[in-house]
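Biologist: I'd like to learn how to read a structure. Can you walk me through one?

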Amino acid sequence: MITPGNNTENSHREWTYPAIGGNPGNTPATTPGSFANPANIGGPLTYSSPDTPGMPAPSTKTAWDFLPQGWETQLITDGKVGEVVEGNTRTVTFEQNDGMLRSMTFPADFKPITQLESARLGIITEQMTRVAEREGHLTPIQVRDEIGAGRMVIPANVKHLQYKLDPMAIGRASKTKINANMGASPVSSGTEEEVEKLKWAERWGADTVMDLSTGGDLDACRQAIIENSTTPIGTVPIYSMIIGKKIEDLDETTILETIEHQANQGVDYFTVHAGLLQAHLPFAKNRLIGLVSRGGSLLAKWMITHKKENPTNTCWEKICDILRSYDVTFSIGDGCRPGGLADATDDLQLLELAEIGRLTERAWRKGVQVMVEGPGHVPFDQIEYNMKLQRTLCHGAPFYVLGPLVTDIFPGYDHITSCIGATSAAYHGASMLCYVTPKEHLGLPKKDDVKQGCIAYKIAAHAADVALGIPGSRDRDDELTKARAALNWEKHFELSFDPDVARAYHDEDLDVDTDFCAMCGHDWCSVRISKEINEFFSGKDESYAWEKATKSGALTEEQVEILKQRGHLSPEEIHKLASKTKQGVGADQAKAACHSDYVEDDEQAKVIQQAKLVQVNVSR
Ligand code: SF4
């Protein structure tokens, strides 16, 4: 048995595994499990990848080091859980998940509003309990402790909680989340269509949705999305600030009023590009594509026009006060994210990231929950460094990344170029992945683009969770593998993320369920053959003795020819070779529920194979 941290056991092995992390599956299996670091919930590594040499170490600080002025906390070994009021101060002492006692001293009349403030006082909120229920592998205490450390956020505006919001968490201790962007633009789409896209994105697994509307009735669209969503909603408030006016006219009053208005509507998290400073701007001129963030480029224009510092940075504490009063979470924007591989990990991007780290500290001092946005377009080899540098500079605040795209030359397929980067990002440190659709760089995503983007990102997030060894994350994979091994097509489709497409692809060539599919056919179906072997191993069927297998004939001439053709047939030829079998087996009266409805035994399956499926013309 291979267990976490044990990589040398078992004398039959001539090889050594790397240090073993947790096992993401509960089903007994032959795999050694995850090669990620063992789980460290409550510490800076949580679920993490082993460091490639040269990676920045995690920060030694957490949100506990950035409390409001006058607050004090300490870990104690001796003491009692409880509460003491002395004059104007109150001290609460509570037990952490690690068994340590934490005491927190704060003003006696203080009332917590945000999840972070509750966590700091040892309170487990209703939302934390719900998150623990949804995560499965976490307890409410662990959720509270991660929020207290700033490594996890629950974006749940108190106003949105009055509608249909189902609280969820973003952080390294929880499963990787995905975000879907939508929003009306000046040239396309309207409120009704956006609400329909919201439902569609939720249907395909979006954990949060960002309304990035820049056209139409922005207010009505946002309100409709908030009222109809079960997922947290994020916005970039600067878009509304400049509708009908020029960016140069933006002032502090407009910034604060717009943020207050959207917070009051129920927005759960705001992207604010406060990390881009005047001093950073000269670094943009040598980039291939400059600033590609809408918010970043607009604020840069404002700074150049007014020769003043970024106004969202100078009034940060006032913005914090508004966010705190509704428990809106910051998603500190990356206005300098690279827009092409050649601009990745440059001084401009990282100077902004360092400032974002300082903004994180300032927001935590105000009791506001924080996550941080990240790139963009990053070569595959630089992704780990980007994730781990953020972990250092932002003290473990959840990282929410857009992709990143790992190549620039596949417009139309950027859901794929980016989900490759997103998988790596999630493995190395990102907590939420902002989807990219096939329409990226080309146009406003339509319904099917939203589905394609969501699915690409569910794949990325899930692959990373399994790799990180998050308990239970492989269970559905194992169930599907078992269904596949049993050639149980119904179960196979039921467990598929997109059962309709899986069923349609199967039925395109062979629309009856039997003990093989059209990919290899009956005689070549290794799963069917393995099933036979397993039956032999289990002692159920003596006729599958090894001698029989060794006596079986060599490949026939026809089989040799078929092998030669494999991989050389054109798609048209393959389509010609595939024939429908529905009528042939009498399955056109009703849909086959499982192969035994129409194909009772192996012999009959062979008849279908020979008569109806693929008769390869090897002479061509
Ligand atoms: S025919 Fe091939 S692809 Fe289809 S179930 Fe059997 S082994 Fe799998």
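**Reading the model**

Modeller: Start with contacts: two residues touch if their C-beta atoms, placed from the backbone, lie within 7 Å. Among contacts in the protein between residues at least 6 apart in sequence, 70% join residues at least 24 apart. This is a predicted model: local features need pLDDT of at least 70, side-chain atom pairs count only at pLDDT 80 or more, and totals for chains, interfaces and linings use all residues. Residues are numbered from 1 along each chain as its sequence is written.

Biologist: What share of the residues is buried?

Modeller: A residue is buried if 20 or more other C-beta atoms, placed from the backbone, lie within 10 Å of its own. Here that's 42% of the 620 residues.

Biologist: How many helices and strands are there?

Modeller: Helices (H or I, at least four residues) and strands (E, at least two) are DSSP runs, numbered from the N terminus. The protein has 22 helices and 14 strands.

Biologist: Which residues of helix H10 are buried?

Modeller: In H10 (residues 316-326), they are Trp 316, Ile 319, Cys 320, Ile 322, Leu 323 and Tyr 326. They sit on the same side of H10, because they cover an arc of only 165° around the axis, taking directions from the helix axis to the C-beta atoms. Their cover includes helix H7 (252-265) and helix H11 (347-365).

Biologist: And how do I read a sheet?

Modeller: Two strands pair if DSSP finds at least two bridges between them. Here 4 strands form an open, antiparallel sheet in the order S1-S4-S3-S2. Strand S1 (72-76) and strand S2 (82-86) stand at the edges with a single partner strand each, so one side of each has no neighbour in the sheet.

Notes. A residue is buried if 20 or more other C-beta atoms lie within 10 Å of its own, exposed if 12 or fewer, and partly exposed in between; C-beta atoms are placed from the backbone.
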